[in-house]
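Subject: Structure for you to look at

Hi,

Here is the structure I promised to pass on. Have a look at it first, and then read my notes below.

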Amino acid sequence: MSTLPPNTSESTSAVVIGTGLSGLAVAGELSRHGVATVTVDGLESAAPSTATTTLRVTDLSSDESVEYLKVMRHLRAHVASQALDVRTTVRAQHLALVEQLKPGAPLRWAVRTEAGVIFADAVVLTRCAHNQLRRFLADLGFSLGEKLMEELAGIGLYLIGVAELSSPSTRELLWQAKSVARLVADSVSSSYQPA
């Protein structure tokens, strides 16, 4: 786990926003696909009404809590053993699309943190309050709907467990992480194919 000196910028293939179960799961999957990834803490406010990681275990049934905790221990061990770039002390503060100078160039994302800016081809958002997500999508010109995930993938933005009003199960989050990692890996590799 690393941090950057203040006011720096860097570039990577993907940024995962959220260092909980979903974020660590998708970071591990992206690593297996060979996608360079930086994982930072989520966009949500620290207010108890919107924070999810501290409330998650108490909201689950007993069996699901045990499964969740077991998976989290495994994911943390995997992150450490693979030396994945997970920055638990760095919080994403702002997320924006970057205008490209060349027409037809692939879109890039800029994730601003207190340490600087991380530029990426894809962003996986795993932590975000529902009302914050709606405002963010509206700013991008999207609204919640049937084809939302497909449309967002077209601009390199992927969601795990943040569009649902109810909390997905641990298994559902792991399934979403695997699916999203495949989509990101395919997208990132195709954006570097010669025309």
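This is a predicted model: local features need pLDDT of at least 70, side-chain atom pairs count only at pLDDT 80 or more; totals for chains, interfaces and linings use all residues.

Residues are numbered from 1 along each chain as its sequence is written, and side-chain values use heavy atoms, with hydrogens and water left out.

Thr113 belongs to strand S4 and counts as buried at 6% relative accessibility. (Buried means under 20% relative accessible area, exposed over 50%, partly exposed in between, with a 1.4 Å probe and protein chains only.) Leaving aside residues up to four places away in sequence, Thr113 touches Val90, Arg91, Ala92, Gln93 and Ile118; contact means heavy atoms within 4.5 Å.

Now the overall layout. The chain has six helices and six strands, in the order β-α-β-α-α-β-β-β-α-α-β-α from the N terminus on. Helices (H or I, at least four residues) and strands (E, at least two) are DSSP runs, numbered from the N terminus. Of the 195 residues, 45% count as buried. Among contacts between residues at least 6 apart in sequence, 65% join residues at least 24 apart.

Which rings pair up? The structure holds one aromatic pair, made by Trp109 and Phe136, and it is tilted, with 6.5 Å centre to centre and 40° between the planes. For the cut-offs: rings of Phe, Tyr and Trp (its six-membered ring) pair if their centres lie within 6.5 Å; planes under 30 degrees apart count as stacked, over 60 as edge-to-face and the rest as tilted. Trp109 lies in S4 (residues 108–113) and Phe136 in helix H4 (residues 130–140), so the pair ties together parts that are 27 residues apart in sequence. Trp109 and Phe136 are both buried.

H4 itself has two faces. Leu133, Phe136 and Leu137 are buried, and they cover an arc of only 95° around the axis, which puts them on the same side of H4. (The arc is that of the directions from the helix axis to the C-beta atoms.) The buried residues of H4 pack against strand S3 (85–98), S4, strand S5 (116–125), helix H5 (148–153) and strand S6 (157–159). On the other side of H4, Arg135 and Asp139 are exposed, Asp139 with a relative accessible area of 69%. Asp139 is 43 residues from Ala96 in sequence, yet 9.8 Å from it in space, C-alpha to C-alpha. After H4 comes Gly141, with a positive phi near 90°.

Helix H1 (residues 21–32) is worth a look too. Ten of its twelve residues are buried, so H1 is largely enclosed by the rest of the structure; Leu21, Gly23 and Glu29 are among them. Gly34, which follows H1, also has a positive phi, near 75°.

Cheers
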